[in-house]
There are 2 protein chains.
Amino acid sequence: MLAEGNGVLFKADAIAETFRAEIKAELSSAPRVPKIVGILATSAAPSKFYSDFTKKQCDALGVEFVLKKTGQAADESLAPGEGVEEAIIEANEDETVDGIMVYYPIFGLQQDHYLQQIVSPFKDVEGLHFKFHYNLYHNIRFLKPNALVSALPTASSSDAPPAVNDEPPAGYVKSILPCTPLAIVKCLEYIGVYNKLLPYGDRAYGKTITVINRSEVVGRPLAALLANDGARVFSVDIDSIQEYTKRPRQPGVPESAQRKYHPRHVVHPAAQSLQEALALSDVVVSAVPSKEYKVKTAWLKDGCVCLNVAADKNFEADVREKASLYLPTIGKVTIMMLLRNL
Amino acid sequence: MLAEGNGVLFKADAIAETFRAEIKAELSSAPRVPKIVGILATSAAPSKFYSDFTKKQCDALGVEFVLKKTGQAADESLAPGEGVEEAIIEANEDETVDGIMVYYPIFGLQQDHYLQQIVSPFKDVEGLHFKFHYNLYHNIRFLKPNALVSALPTASSSDAPPAVNDEPPAGYVKSILPCTPLAIVKCLEYIGVYNKLLPYGDRAYGKTITVINRSEVVGRPLAALLANDGARVFSVDIDSIQEYTKRPRQPGVPESAQRKYHPRHVVHPAAQSLQEALALSDVVVSAVPSKEYKVKTAWLKDGCVCLNVAADKNFEADVREKASLYLPTIGKVTIMMLLRNL
C-alpha cells in the first residue's frame, strides 16, 4: 500500500482567502481599527503558537492585536492562569477593546468553562459564552441586540424569526457561532458538502457525517449545527455514539412511533458502532486531542471527505487511499471566523 | 488499633435542625407555599436517592416539591438526559415555579455546566449559575436585585458594599452561595471552627483547612469561601496543591516581596505535599467521588476535624484515632441551604 493514496490533499488556505477579502472590505468601511486583546496565561507551546498565529493574521489584515501575558506566560515562577480572570475583566471594561481571545486550556475543563462565561458576550469573538451555545443548540440564528444583555437564555425558538438566508431580518443581528465549528461548516460549504441548490437551513440534507469528539467547544456544537442544516450526524466520544438528526430515523417503524421532522435537531443513542457509522459517512471530522488516536483508514467509506481538526493528526498516513479529499488542518479558516465575528 | 477511635462521631442532624426552625418561620410568613421543581433525567441510584430525599425534606417543611422525570428516568429506553434542557426551560418560564433543582451528573462535566447556565438565576436554588460563582470568587456578598438580570458578571468588587455582617444593606440582596460549600461553612460555624468573636468576614482566621477536590461545584468555591473568611486553605486535586489565602504567606520574606493582605483570596501553588498540608490542617474536608480514595489517618494532625462530603467514605475507618470530631455526611444541611436559598 502506498504511504499516500489517490485522494486530494486539500489545504485550507484557499478557503481562508475568500473570507480574508470579505473581512478586508468590512474593515475598510469601519469607523476605526478594531482591537483584539489576546490573553495568554500558560507557557504551553500550542497556546504560544496559536497566539503568534493570531497576531500574524491580525497584522496582515490591519486589525490591532494586543497580547496580554499573565501568570506563567508572564513569569515562569507564577502558576498557569494566575491573573487571567483579572485580565479578562479589565478587557471587558476597557471601551477601546472590541474582541477578547483567551488561549485555553488553562486550568482544566470546569474552571475554563467558568472563565468563558466571564468574557462579555459583546466581546466574545470565539463564541464560547453559553448564550451563543444556547442559540446554536436551539437553532436560533438571529436575535435582537438587547437579548445579549440578559443573563437568561434568549428568546425561545418560537419567538425567533425563521432563517430564510444568511441575512438577519430588520431589527435582528446574527447570533455568534463558535469559531471552530463555524470554520468547519464553511469548509464543508466550500468543498461542496453543503449544496446551495437546497433550501437554506437544509443544505446538508442527504449527507451522513461522523464527528469524533463531543466537547462543548467543538464536537457537540458542530454536530448540532450540521444536524440543524439537515445532515444525519453520528457524534462519537469515548463513551458513546449518538445520532443527531432533524428527520425521522427508523425506516420500517410505523409513522405513529416515529419522531417527527423537527425544526431543530434531536439526539438519540446511535444503533451503529464507530465502524458502522464510518461505513455510512460521507464526511468524517476528527478532533481528538491525542497523538495516539487514529481513525482507521480501513473503516472509511470509499470516496469520503476527511477533516482533521485536532492539533495532532487523527488520520492514518494512508487516509487518501480511501478519502477523496483530505483537509489536514483548518486553523487559518478558524482565525478568519474569529475576525468575522469581531 | 481500635476500629473506632476516641474522637466524636458527629451527625449533622442537629445542625440541619437549627435551619429547619428558621426556614419554618420564614415559610409561615410567606404569601404562598413556594414550589420547587426537581428534574431527574437519569436512572442513577444516587440521583434517585437524592430526589427522594429532597421530596421528603420539602414535605416535612410544607414546601411543594414536584418531581419532573425525563429521559432515562421517565423511560428506560430513552437516553440519560433526553428532554432535560426542555424541562429546565419550561420551569424557567412557569411563573408558579420558585426554585429549580437538577440532579447531576447527567451528561458529563462540560454539558452539565452548560445546563447549569440555562437555569434562570432567579430560580437557581443550588447556586450553580456562573454569576453566583463570580460573586463568591470576588467576595461580593451582596448585590442589587437587578444585577441578576445582566449577562455580564455583576459589579466589580470595588462597587460592592463591604459586608460587616450577614445582613445586606438597604437596596441590596444576598448573592446566593452554592449549596454544598455553604452547608460546609455552616457546619464549620456550628462546630466552632469559625469564631464569632472575630470580625465578620474573618472568622476563620488562624485556621488551616485542607479541601480535597477542586471541582467548580464543591472544592474551588469552598476553598475561596474559607479563604475569603480568613482561613489558610490547601486546595488539593489529582494534579496539584494550591494555597488560597488573604494573607501574606512567606514568613522571612522581605515586606516588599510579600503579597499584601487582600480583600479577597489569592491563589498560588502550595510548597507543601498532601502529607505536609494535612500535618498543618485543623480541618480536613474531602469530597472525592471515588470508593477507593481514602485520606490516610496516619497523616492527619492530632485533634483535627474531618468532614466527609463525598457519597462514598473518603476517610479510613479509624479516622477518629486522630480526628477529634468526624462528620460522616452533611446531606441534610445541604438540603436546608437549598430551601434557605429558595
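This passage describes the arrangement of two chains in a predicted model and the interface between them. Residues are numbered from 1 along each chain as its sequence is written, and chains are lettered from A in the order in which they are written. Local features need pLDDT of at least 70 and side-chain atom pairs count only at pLDDT 80 or more, whereas totals for chains, interfaces and linings use all residues; side-chain values use heavy atoms, without hydrogens and water.

Chain B is superposed on chain A by a rotation of 180° with 0.0 Å of shift along its axis, at an RMSD of 0.0 Å (least squares on the C-alpha atoms of residues with pLDDT of at least 70 in both copies). The two copies are therefore related as by a two-fold rotation axis. In chain B, the C-alpha of Ala151(B) is the nearest to this axis, at 1.8 Å.

Contact (heavy atoms within 4.5 Å) links 39 residues of chain B with 39 residues of chain A. Of the interface residues of chain B, 100% are also interface residues in chain A, so the copies meet through the same surface. The buried area is about 3,100 Å², with 60% from carbon and sulfur atoms (accessible area, 1.4 Å probe, lost on putting the two parts together and summed over both). Gln110(B), Tyr114(B) and Ala151(B) lose the most area in chain B, together 20% of what that side buries.

Helix 4 of chain B supplies the largest share of its side, seven residues (helices are DSSP runs of H or I, at least four residues, numbered from the N terminus).

Key. Helices (H or I, at least four residues) and strands (E, at least two) are DSSP runs, numbered from the N terminus.
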